[in-house]
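These are my notebook entries on a single model, written in the order in which I looked things up.

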Amino acid sequence: MLAAIDLRVYRGPAPVLHGVTLQVDEGEIVAVVGPNGAGKSTLLGALAGCFPPAAGRVMFAGEDVTGTAPETLVRRGLVLVPERRQVFPGLTVRDNLLLGAYHWYRRNKGEAAALLDAVLADFPRLRERIGQLAGSLSGGEQQMLAIGRGIMARPRVLLLDEPSLGLAPKVVTDLFSRFRQLCTRYGTAMILVEQNVRAAFRVADRAYVLERGRVVREGPVEALREDPHVVGAYLGKRLPAALRADAR
Ligand SMILES: Nc1ncnc2c1ncn2[C@@H]1O[C@H](COP(=O)(O)OP(=O)(O)OP(=O)(O)O)[C@@H](O)[C@H]1O
Ligand SMILES: [Mg+2]
């Protein structure tokens, strides 16, 4: 459905992605994990058309879309929910959601109303706050809103950049547990960029480990859970809180 082929991307003068190849198939949830600065957000931005690659290709729904503008890709169903849930704080929940459908709702208001209703059924807390300004929502609610807005764009592939950021563990568990259902219901595949590797592995089919702009591991999550590098770097047991250096 969506593939990066040997993608090389610069941010300013510096190369950030050094030939990244990955793909997500129809209906799949694929996680991309890795440390700060590995290039995860750059990868999603490049897939979404925000950073034209210096080399390599992006294939979407059987077509080469390398260099295609983000707004064109959104129309075709490649939709990015960016890092730090960039909702419009001064607009209501309803208007934020409708903005996700800005490119098609005028042509089909009935369908837009039905989709809005479906998204509100998936996220009842948003329904309760439909007239509230997005800036006054909690972090978890804003993340639901950002994802709901993404769904309103009718994605074939939804790119989520660190949806767990700043959320309490229980909120993360609750939010991530809905991803599979959302993919099935709306017929979308998902690339989930995460630093919360455990949470991402619980929901994903396959994963890629990105380090310093390169894929260093890839495979089904069950296999990666057994991989010594993945266990050591991302899944290792943490010391009890009282013994950790950052707790002192
Ligand atoms: N606008 C920019 N100009 C120059 N370099 C940038 C720019 N944005 C990001 N970078 C650099 O690109 C590299 C990758 O950044 P990116 O945001 O893709 O990483 P990331 O894996 O998403 O990290 P994080 O987990 O912290 O979100 C970093 O070294 C970063 O400093
Ligand atoms: Mg990032």
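I began with Glu162, which sits in the loop between β7 (157-161) and α7 (169-176), where helices (H or I, at least four residues) and strands (E, at least two) are DSSP runs, numbered from the N terminus. Its phi is near 50°, a positive value in a residue other than glycine. Most residues other than glycine have a negative phi. I then looked up its accessibility: Glu162 is buried, with a relative accessible area of 4%, taking buried as under 20% relative accessible area, exposed as over 50% and partly exposed as in between (1.4 Å probe, protein chains only).

I noted for the record that this is a predicted model, in which local features need pLDDT of at least 70 and side-chain atom pairs count only at pLDDT 80 or more, while totals for chains, interfaces and linings use all residues. Residues are numbered from 1 along each chain as its sequence is written, chains are lettered from A and ligands numbered from 1 in the order in which they are written, and side-chain values use heavy atoms, with hydrogens and water left out.

Next I turned to Ala61, which is not a glycine and yet has a positive phi of about 50°. I placed Ala61 in the loop between β4 (55-60) and β5 (63-64), and at 34% relative accessibility it counts as partly exposed.

My next entry concerns Gln142 in helix α6. Is Gln142 buried or exposed? At 15% relative accessibility, Gln142 counts as buried. A polar atom of its side chain lies 3.2 Å from the backbone oxygen of Ala134. Setting aside neighbours within four places in sequence, I found Gln142 in contact (heavy atoms within 4.5 Å) with Arg85, Val87, Ala134, Gly135 and Leu137.

I then followed α6 (residues 139-152) to helix α4 (residues 109-122), and found that their axes come within 10 Å and cross at roughly 150°; axes here are lines fitted to C-alpha atoms, for helices over the stretch in contact, and angles run from 0 to 180 degrees between N-to-C directions. That crossing angle makes α4 roughly antiparallel to α6, since angles over 145 degrees count as roughly antiparallel, under 35 as roughly parallel, 65 to 115 as roughly perpendicular and the rest as oblique. From α4, Ala112, Leu115, Leu116 and Val119 meet Gly148, Ile151 and Met152 of α6. By class, this contact has six nonpolar, one polar and no charged residues, where Ala, Val, Leu, Ile, Met, Phe, Trp, Tyr, Cys and Pro count as nonpolar, Asp, Glu, Lys and Arg as charged, and the others, Gly among them, as polar.

I also checked α4 against helix α8 (residues 179-186), and these pack at an angle of about 160° with their axes 12 Å apart. The two helices are therefore roughly antiparallel to each other. Here Leu115, Ala118, Val119 and Asp122 in α4 meet Leu182, Arg185 and Tyr186 in α8, a contact with five nonpolar, no polar and two charged residues.

My last entry is Val231, in helix α11 (residues 228-235), which counts as partly exposed at 30% relative accessibility. Not counting residues up to four places away in sequence, Val231 touches Arg225, Glu226 and Gly236.

Conventions
Polar contact = N/O pair within 3.5 Å; in protein donor to acceptor, adjacent residues only side chain to side chain.
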